[in-house]
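Subject: Structure handover and notes

Dear colleague,

I am passing on the structure below, followed by notes on what was found in it. Please read the notes with the coordinates open beside you.

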Amino acid sequence: MSTTSSDPLATLGTLPGVTDAVDSVRKAVDRVYGHRVMRRRSIEVTSEAALRGARGSAALSGADWNLEEVRRRTDFTGDSEARVVGAALRLTAEAGQLLSIWRQSPLRVLARLHLVAAGGAAPEDAVGRPRLAGEPVDEPLIEAPLPDADEVAGRLEGLSGLILSGSGAPALVTAAVVHGELLALRPFGAYNGLVARTAERIVLIGSGLDPKSICPAEVGHAEQGRAAYVAAFEGYLSGTPEGMAAWIAHCGRAVELGVRESTAVCEALQRGAA
């Protein structure tokens with residue numbers, strides 16, 4: 001991502017179509033937060049949103065399990081799919097604990113997220129740090145060329161600087177850029193997609209757009225499908241205004257679909273049939 005503005009994220013917020021996406025997301029989020037169930041049972045909605053978000057993120061990483069199987073299972077140490085689902089669940093649980101650190105050191109949070117995702121399954125010396133030159137990356141969904149280790153380090157520092165400097169950009173724009181940049185860099189040996197989507201969640205929570213974490217964008221990304229996700233991401237990689245706007249709009253639609261999921265949860269709770 002590059003732009004000449006002193007606030008590049010805010011500049012992205014003015015692209016054609018992005019303002020409409022931001023407004024649509026805000027209205028959708030406001031509606032679910034106004035649901036009567038949220039006044040007394042928001043903790044239950046948050047818990048269910050976390051579970052469904054983890055399931056959606058795992059599905060995009062190749063472990064497309066039924067929600068009830070995710071809910072039922074207690075052991076995630078078996079095959080590769082089980083490890084992916086377990087990683088997604090651990091990341092979702094961790095996200096809300098890292099907000100204050102994210103505001104001070106985004107790179108520390110990313111390292112922590114990778115450590116949590118790996119869960120002891122990766123070599124200890126490769127966990128929680130950006131990959132070194134020549135180290136392989138296991139990210140089957142994203143086939144774009146890998147930036148080399150020096151570029152990864154430089155761009156991570158740039159992303160961190162953008163976050164720390166603050167921006168007038170809407171939360172959706174910042175979240176989409178963080179998500180897209182981490183997918184583009186794939187800074188770790190594995191679990192990059194899971195980490196990128198968790199970082200998106202952290203931005204949406206920490207920005208105040210979704211402070212109770214009840215709008216799981218991961219659900220919406222999965223619902224739109226892997227092909228649509230990759231196609232929208234290619235727009236991000238292009239760096240063109242049209243491509244960036246398409247990626248941000250895709251992320252916005254994901255949030256709206258997450259809102260729809262949590263609205264259904266609220267209505268089920270209201271009926272006493274959660």
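Cys251 is buried, with a relative accessible area of 0%, where buried means under 20% relative accessible area, exposed means over 50% and partly exposed lies in between, using a 1.4 Å probe and protein chains only. Before going further, please note that this is a predicted model, in which local features need pLDDT of at least 70 and side-chain atom pairs count only at pLDDT 80 or more, whereas totals for chains, interfaces and linings use all residues. Residues are numbered from 1 along each chain as its sequence is written, and side-chain values use heavy atoms, with hydrogens and water left out.

The structure holds zero disulfides, a disulfide being a pair of cysteine sulfur atoms within 2.5 Å. For Cys251 the closest cysteine sulfur is that of Cys215, and at 14 Å it is too far for a bond. Cys266 is likewise buried, at 0% relative accessibility, and its sulfur lies 9.4 Å from the closest cysteine sulfur, in Cys215, which is also too far for a bond.

Leaving aside neighbours within four places in sequence, Trp102 is in contact (heavy atoms within 4.5 Å) with residues including Val109, Leu110, Ile163 and Val178.

Val109 and Leu110 are among the buried residues of α7, and what covers the buried residues of this helix includes α5 (80–95), α6 (99–104), α8 (149–165), α9 and α10. Helices here are DSSP runs of H or I with at least four residues, and strands are runs of E with at least two, numbered from the N terminus. The 13 residues of α7 (residues 106–118) should span 18 Å, and the end C-alpha atoms are 18 Å apart, which agrees; the expected span is 1.5 Å times one less than the number of residues. After α7 comes Gly119, whose phi is positive, near 55 degrees.

**Aromatic pairs**

A search of the whole structure finds five aromatic pairs, where rings of Phe, Tyr and Trp (its six-membered ring) pair if their centres lie within 6.5 Å, and planes under 30 degrees apart count as stacked, over 60 as edge-to-face and the rest as tilted. Phe233 and Trp247 form an edge-to-face pair, 6.0 Å centre to centre with 70 degrees between the planes. Phe233 lies in α12 (residues 226–238) and Trp247 in α13 (residues 241–271), so the pair ties together parts that are 14 residues apart in sequence. Phe233 is buried at a relative accessible area of 2%, and Trp247 is buried at 0%. Ring pairs link Tyr229, Phe233, Tyr236 and Trp247 into a cluster.

**Backbone in the loop between α9 and α10**

Most residues other than glycine have a negative phi. Arg186, in the loop between α9 (171–185) and α10 (192–206), has a positive phi near 40 degrees and is buried, with a relative accessible area of 2%. Tyr191 lies in the loop between α9 and α10, has a positive phi of about 65 degrees and is buried, with a relative accessible area of 16%.
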